Amino acid sequence: MSNTLSSTASAPEDKSFKEFAAWTLVVALPWGFYAQLGDGLSAEQGLFVTLALAAILMWIFRLMPDFVPGLALILFATLLDLVPQQVAFSGFYSNIFFLVFGIFILAALLSETSWLARLEQLLLRKQASLLTRLFAVIAAGVLLTLVVPSPLGRASMVQPLVQRFFKPQRVQSNSFIALIHVHATTLVSTVILTGNPLNFILIGMLSEQIRDRFGWLGWLQAASMAGLVFSLGLVVAVVFIAKRSKDSAIPAQTVASPVETNPLFDWMTLGLYAFMMLAILTRSIHQIQLQWIILALAMLVFFAGGLSLATLRQKLDWPTLIFIATVVAWGPMLDHLGLSGLLENQLKALPDLIKGSLYLGMAYLIGIVFLVRLAVPGAPAFIIMTSAILPFADTLGISPWVLGFVILTVSEGFIWPYQHGVFSQTVTMLDGDGTDYRIRTIILCNILFLLLRCGAVFASIPLWQALNLM
Amino acid sequence: MNRFFVFAKYLVIAIGVGAVLYLVLDHKSSRIKILVVHSYGADMPWVNSIDAGIDRAVNDWSGGKSKLEVRRHYMNLLGQNNCNFYRNAASDVRIAISFFAPSYVIIVDDLGQTLVGFNQLRLTDETERRALAETLTRNVAKGRCDLPEENVTAYFGLDTPQREHPVEIVFAGINGDETVYGYGRAENVQGIRENKNYDALFETIGILAESYLAVSDDGEVAGIQMLNDGSVTGQSENTQMRRYRENNPDAIYPISDPLAAGNLAAWQESVRAANAANQMLLIANYKQVRGVDGNPVPAEELIAWTEQMAKLPVLGANTDFVADGGLMTVATSGIEQGVVAMNKVLALISGDDGPEECRTREVCTARQYLLGMNQTLVRKRNLSIPSIYEAFSREIGTFIGVQSKVQIADEGIE
């Protein structure tokens, strides 16, 4: 009894000390930085960098939802008159905000359909083999990447497809299934514009005149080689795993429970997506920008009564939307304060390396991203690195999109659970269900997938040269 | 009955949405699309003044500016020494043209004419086109990179004329002769030249020289030396100067053959030679002078050094000259370039003949000029300049008053 008491009492205590230490760092480090500031920065610049440093520390220690430090930064930057309100809050009325808002509504709609439940039933009915089932997971993961811009959301949606396959004591097979689940929903997320919230942030950081080029199709074209490498990697992994795990028939007793379906709703949702694709493909004819197409379709959802207010409150990813809006303003804020130039000066070695050899330069860039990602979570790491590295694009003669894509693709890679939400969520789920698996196997394979990401970057260089992007 | 109303509701929604969709598509298709392609970036005063001129013309148009959709594209080619950058920038504009599908393209400054304008021309003679494409490609690559042995014209993409969307080209900011870009041979092109007003420049040189002679005891003004960088624009400026020299044998001071200094050493040598010969320098193009590392020397450093080293007052013939640290400038007005180029587009849209001094489809010459002066440097040289120069510079915002901290390099540039 006393044991139980002491353990329940000590668990929060541990966490509270950690939080205390983290908060101390959040306050003390920027304070120390501000105190020793020299003449290099003006008063406004110094104060902004200090506040940004505090926000970055909050992100690193995960002290609160990601959007809070972002919002706090632009709030204080406005209150202290470091940047005009129009600049600080520019993310909220940028095109990106409306694009993401629309996409999130469409994704919420999709999560209400029963397409995945139907697929699950079909697989059960046909007594699908492990190979078929893993391919179904990949297909669902990749297809969802087209329309659900949240890796975490996709992973939860695909989860029922794999869950029945975890079996007691099949440690290796279970680990592989979890591995495929994690990577099928994350690997191609940077290949398709609408596959990852950070893609929108990258688009937001590009100048107006080249943003058009990286609309939905343009993005896919430039990322196609990476997409090809990723697909090949996934297929090879699945075939390898299916061969290793022989006994994989579904237990006969797991008969599917009937799914409640609303065929009209399902087909209308699919029709809406078909219309979206058509609108994207005919862009040069109607000349309407992607964000307005998406927003119009989202409005159409409400006209037709497709989403109730309750579902909208529950399914729309408001925190991510606000997070994107707050960080899209980083570029304009750094420009306004004249900090972009200073950041450029800090990384002088990169341009020289890339000018010397593209491949070596890329390897160097990948190395930096990997190191930063050891400490900093994905989204803030991406924002910090793109803010520092994108301004070099002009001097290097490389499209800023290419630099952003490389940073994004590598920074979305992960080895340990703390580095990525989908992986940590999966580990939590496996532990919660008491599934037997070996984390070392998954971690080792994660290293291979990280190398696959690097390989995709190098394999894309000839394509980018042919497309006049570098 | 219930099903009927559900169906009817969706039908009503579909009709409403269809009507709005039609309105939007109709509005979008009736817009007249104009793309403005700048060879340089939006951080240059020259580019900003052209943009201001374009806006002024759009706002003054009686045809209704809401019909127009004007987009701008900046190629940012200033100070770029990497051929790959030129290729990518050209490809970016081509993609922008194919996405935006404009009916009119205004191209500003020389580099854009080669990299963007040439492909849009409706040229009939294919052999002639190919020869011209090769010459233009070699001109851009000269001193920057080695071209491939075969298929030279493909290097900057000049081998594939754009025929998908027929466009009307209007050029601005061309120094000298527009026919070098094949513009004389195609129907779908017109524009305004950025020709310098040499008469006004020499009048100002006379004033500066007089003022200089008045304050120096043993001073002498033996002649005028034009000095430019080695860029295509700089060399074309030199050609203009030579023509002026031929036509004006009785200029107030003897005019030497203009010099093109491609690198810093040649530039410094030219300035020293002018000092030794008591010549006044006249500078129009100076942003493509390469330093020891092969990159262009920053304009502020180069002009500050020149101003400090030159024995006689130096006159500029470029909008940015005073902002870059020069004493005085008489430059072509960017506003006029923008206004005239956009008015030419608007005249095509409304089908009128244009103003009397320059009809639609004719090539216009610049008529407006601007002055700029830096009071600190004028005082430093003890010059007395007619007050009208100061008044006018102040009026147009190109006057730099006396500063306590003079921005002159102390040691010179390495």
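1. Is B:H73 buried or exposed in this predicted model? B:H73 has a relative accessibility of 3% and therefore counts as buried, where buried means under 20% relative accessible area, exposed means over 50%, and partly exposed lies in between, with a 1.4 Å probe and protein chains only. B:H73 sits in strand β2 (residues 68-74) of chain B, and, not counting residues up to four places away in sequence, it touches A:Q209 of chain A as well as B:L35, B:V36, B:V37, B:H38, B:D92, B:V93 and B:A96; contact here means heavy atoms within 4.5 Å. Helices (H or I, at least four residues) and strands (E, at least two) are DSSP runs, numbered from the N terminus.

2. On conventions, residues are numbered from 1 along each chain as its sequence is written, while chains are lettered from A and ligands numbered from 1 in the order in which they are written. The model is predicted, local features need pLDDT of at least 70, side-chain atom pairs count only at pLDDT 80 or more, and totals for chains, interfaces and linings use all residues, with side-chain values using heavy atoms and leaving out hydrogens and water.

3. The largest nonpolar core has 151 residues, and those with the most contacts inside it are A:F48, A:I201, A:M333, A:W401 and A:W464; such a core is a set of buried Ala, Val, Leu, Ile, Met, Phe, Trp, Tyr and Cys residues joined through side-chain atoms within 4.5 Å. Helix α5 (residues 95-111) of chain A contributes the largest share of this core, twelve residues. A second, separate core of 67 residues includes B:I97, B:F100, B:L158 and B:A186.

4. In chain A, the axes of helix α3 (residues 67-79) and helix α18 (residues 318-328) come within 8 Å and cross at roughly 35°; axes are lines fitted to C-alpha atoms, for helices over the stretch in contact, and angles run from 0 to 180 degrees between N-to-C directions. The crossing of α3(A) with α18(A) is left-handed, that is, the near helix is turned anticlockwise from the far one by less than a right angle. From α3(A), residues A:F67, A:G70, A:L71 and A:I74 meet A:P319, A:I322, A:F323 and A:T326 of α18(A). The residues of this contact divide into six nonpolar, two polar and no charged, with Ala, Val, Leu, Ile, Met, Phe, Trp, Tyr, Cys and Pro counted as nonpolar, Asp, Glu, Lys and Arg as charged, and the others, Gly among them, as polar.

5. Within helix α3 of chain A, A:L71 has a relative accessible area of 29% and is partly exposed. Not counting residues up to four places away in sequence, A:L71 touches A:F92, A:I322 and A:T326.

6. For chain B, the UniProt annotation "transmembrane region", from an unreviewed entry, covers residues 6-25; UniProt positions are given in the numbering used here, feature names are shortened, and annotations may be inferred rather than shown by experiment. Over residues 6-25 of chain B the model is 100% helix and 0% strand, with the end C-alpha atoms 28 Å apart.

7. Chain B as a whole has twelve helices and 13 strands, and buried residues make up 53% of its 414 residues.
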